[in-house]
Amino acid sequence: MGIEGPQEPKNNWRQIETDYKEKYPDRKVLYTRYDKGEGQIIVSSNKQDLTKLTEELKIKIGDDEFVVKKLEDEKLEKFWAEHGNHYNGCVNKKLSLSSNFPYKDIELKKKKADREKKNAKIAVKLGDTTYS
């Protein structure tokens with residue numbers, strides 16, 4: 001979804017994202033950016049069809065008014081060309097911090113196993129005496 005609004009808003013992308021989440025709590029915001037009159041907000045929802053999810057919306061925060069609408073064709077290609085790596089980095093970071101992200105558990109288990117290996121004591125037998 002594209003965001004259009006004032007060139008120099010009093011509100012930044014975080015405020016736009018917060019307001020969007022408050023107005024549409026059934027949608028999950030994956031990514032938001034806004035700079036110099038334009039930006040993007042990427043959302044998902046399991047509870048709504050794509051038509052409703054991509055309808056044009058207006059968000060007013062204080063004196064600033066923002067229009068959120070579906071990105072298409074050249075604007076969508078421009079977003080991916082200019083900000084695709086940023087989007088992927090942000091989303092991957094959010095996923096890795098998510099408790100539902102399966103690799104997080106695997107990484108934690110590996111770290112725990114490594115610590116246990118380092119701290120493990122090996123029993124040594126010298127003569128009739130065993131040391132551990």
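Two strands pair if DSSP finds at least two bridges between them. Helices (H or I, at least four residues) and strands (E, at least two) are themselves DSSP runs, numbered from the N terminus. With that in hand, let us walk through this predicted model, in which local features need pLDDT of at least 70 and side-chain atom pairs count only at pLDDT 80 or more, while totals for chains, interfaces and linings use all residues. Residues are numbered from 1 along each chain as its sequence is written, and side-chain values use heavy atoms, leaving out hydrogens and water.

**The sheet**

Five strands make up an open sheet, ordered β2-β3-β1-β5-β4 with antiparallel pairing. At its edges sit β2 and β4, each of which pairs on one side only. From one strand to the next, the twist averages 25°.

Strand β5 (residues 64–69) runs antiparallel to β4 and is joined to β4 by five bridges. Towards β1, β5 has three bridges, again antiparallel. Here is one bridge pair from each of these pairings:

| Residue | Bridge partner in β5 |
|---|---|
| Ile 59 | Phe 66 |
| Gly 2 | Lys 69 |

Two residues separate β4 and β5 in a hairpin, and Gly 62 in the turn has a positive phi of about 60°.

Helix α1 (residues 13–23) lies across β1, β2, β3, β4 and β5, and runs at about 120° to β4. Such angles run from 0 to 180 degrees between N-to-C directions, with axes fitted as lines to C-alpha atoms, for helices over the stretch in contact.

Beyond its neighbours within four places in sequence, Asp 64 is in contact (heavy atoms within 4.5 Å) with Pro 6, Pro 9, Lys 10, Asn 11 and Ile 59.

Arg 33 belongs to strand β2 (residues 28–35).

What joins the side chains of Arg 33 and Gln 40? A polar contact of 2.8 Å does, meaning a pair of N or O atoms within 3.5 Å, one able to donate a hydrogen and the other to accept it within protein, where residues adjacent in sequence count only if both atoms are side-chain atoms.
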